[in-house]
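I wanted to go through this one from the inside out. These are my notes, in the order I looked things up.

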Amino acid sequence: MGRQTGVRAGAVAAVLLLGLSGCGGPKGQGDGKAPDGPAASASPAPSASSAPPAGDAKPAPGDVLPGMVGAAVARAQLAALPTGRPGTMAGYSRDKFTHWAEQGDKCDTREVVLQRDGKDVARDFECRAVKGSWKSLYDGVTVNEASKLDIDHMVPLAEAWRSGAAAWDAAKRKAFANDLTRPQLLAVSAASNRSKGDQSPDLWQPSDKSSWCQYGRAWTTVKSHYGLTVTEAERAMLTTMIDTCAA
């Protein structure tokens, strides 16, 4: 009941935010997420984009996210995840997960993900993406303006807090919020990101079912790496998602 109440509250907040800023802005507080970054329309004239800063991870062939494992490994990871009840949101603040971190060459984590996930991306002199094309994994929508994209945390910050991150120190929370190595960050349409909010897979699934295989493996891999818990309902839905992977 505590999680459902939090989801409803997050949805109301998101609706209010959309009414004020329109659908082009970054995500609101459903996942405890503040605006991702400045709109591309405010950028100076673009220059040719440079290579992503060192430390950026590239997706494997067939996947759009870095650090993915195969279905068999994901099933093993899922089986090993500890079962827990959702924790409370007591003490939670988005500010406790420092982001976006600087990644060099005037780029922060958001801009690195936009460069990685897009096609024909051009940046301005402040490293802001001013041109490109992105396909949103969750709904299959193609987006041609960076300002209409959110950088989603695969496992939302608030969900991580409820499943173990409340006990972490600041350094581990920062690493989690800016993880470019594992499948934790991706550029998606603002609409799909706001729909997801801070919900776990048993409460929200991507509308494009062709993404379920990647989504289930990515969520499981992130929770496994960071030692987070899952609920029984969450585990059941993740199993369903991973089972959509081709044999």
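**Core.** I began with the largest nonpolar core, which has 38 residues. Phe 97, Tyr 138, Met 154 and Phe 176 have the most contacts inside this core. Helix α7 gives the most, with seven residues. I also found another core apart from this one, made of 16 residues, and Leu 114, Val 121, Trp 134 and Ile 151 are among them.

I come back to its confidence at the end.

**Tyr 138.** What does Tyr 138 touch, leaving aside its neighbours within four places in sequence? I listed Asp 152, Met 154, Leu 186, Val 188, Ser 192 and Lys 196 among its contacts. The list also includes Trp 204, Pro 206, Ser 207, Asp 208, Ser 211 and Tyr 215.

**Aromatics.** My search of the whole structure turned up eleven aromatic pairs. In one of them, the ring centres of Tyr 138 and Tyr 215 are 5.5 Å apart and the planes meet at 70°, so I logged the pair as edge-to-face. Tyr 138 sits in the loop between β4 and β5 (142–143), while Tyr 215 is in helix α7, 77 residues apart. Is Tyr 138 buried or exposed? Tyr 138 is buried, with a relative accessible area of 0%, and Tyr 215 also counts as buried, at 0%.

Next I took Trp 168 and Tyr 226, whose ring centres are 5.6 Å apart with planes at 35°, so this pair is tilted. It too links distant parts of the chain: Trp 168 is in the loop between α4 and α5, and Tyr 226 is in helix α7, 58 residues apart. Both Trp 168 and Tyr 226 are buried. I also noted that these two belong to one aromatic cluster with Tyr 92, Phe 97, Trp 161 and Phe 176.

**Disulfides.** How many disulfides are there? I count two. Cys 107 is joined to Cys 127, S to S 1.9 Å, and the torsion about their S-S bond is about 90°, so the disulfide is right-handed. Cys 107 is in strand β2 (residues 107–108) and Cys 127 in the loop between β3 (119–123) and β4 (129–135), 20 residues apart. Both of these cysteines, Cys 107 and Cys 127, are buried.

Cys 213 and Cys 245 form a disulfide with sulfur atoms 2.0 Å apart, and this link is right-handed too, with 105° about the S-S bond. Helix α7 (residues 212–226) holds Cys 213, and Cys 245 is in the segment after α8 (232–242), 32 residues apart. Cys 213 and Cys 245 are both buried. In sequence order, I read the pairing of the bonded cysteines as 1-2, 3-4.

**Whole chain.** I count eight helices and seven strands. Buried residues make up 51% of the 247 in the chain. Of the contacts between residues at least 6 apart in sequence, 75% join residues at least 24 apart. The chain exposes about 10800 Å², with carbon and sulfur atoms supplying 58% of it.

**Confidence.** The chain averages a pLDDT of 82, and 75% of the residues score at least 70. I marked residues 1–30, where pLDDT stays under 50, and residues 37–57, where it is below 50. Where pLDDT is low, the predicted coordinates should not be read in detail.

Notes: Residues are numbered from 1 along each chain as its sequence is written. This is a predicted model: local features need pLDDT of at least 70, side-chain atom pairs count only at pLDDT 80 or more; totals for chains, interfaces and linings use all residues. Side-chain values use heavy atoms; hydrogens and water are left out. pLDDT is the predictor's confidence in each residue, from 0 to 100. Contact means heavy atoms within 4.5 Å. A disulfide is a pair of cysteine sulfur atoms within 2.5 Å. Helices (H or I, at least four residues) and strands (E, at least two) are DSSP runs, numbered from the N terminus. Buried means under 20% relative accessible area, exposed over 50%, partly exposed in between (1.4 Å probe, protein chains only). A nonpolar core is a set of buried Ala, Val, Leu, Ile, Met, Phe, Trp, Tyr and Cys residues joined through side-chain atoms within 4.5 Å. Accessible areas come from the Shrake-Rupley method with a 1.4 Å probe; for residues, only the protein chains shown count as cover. Rings of Phe, Tyr and Trp (its six-membered ring) pair if their centres lie within 6.5 Å; planes under 30 degrees apart count as stacked, over 60 as edge-to-face and the rest as tilted.
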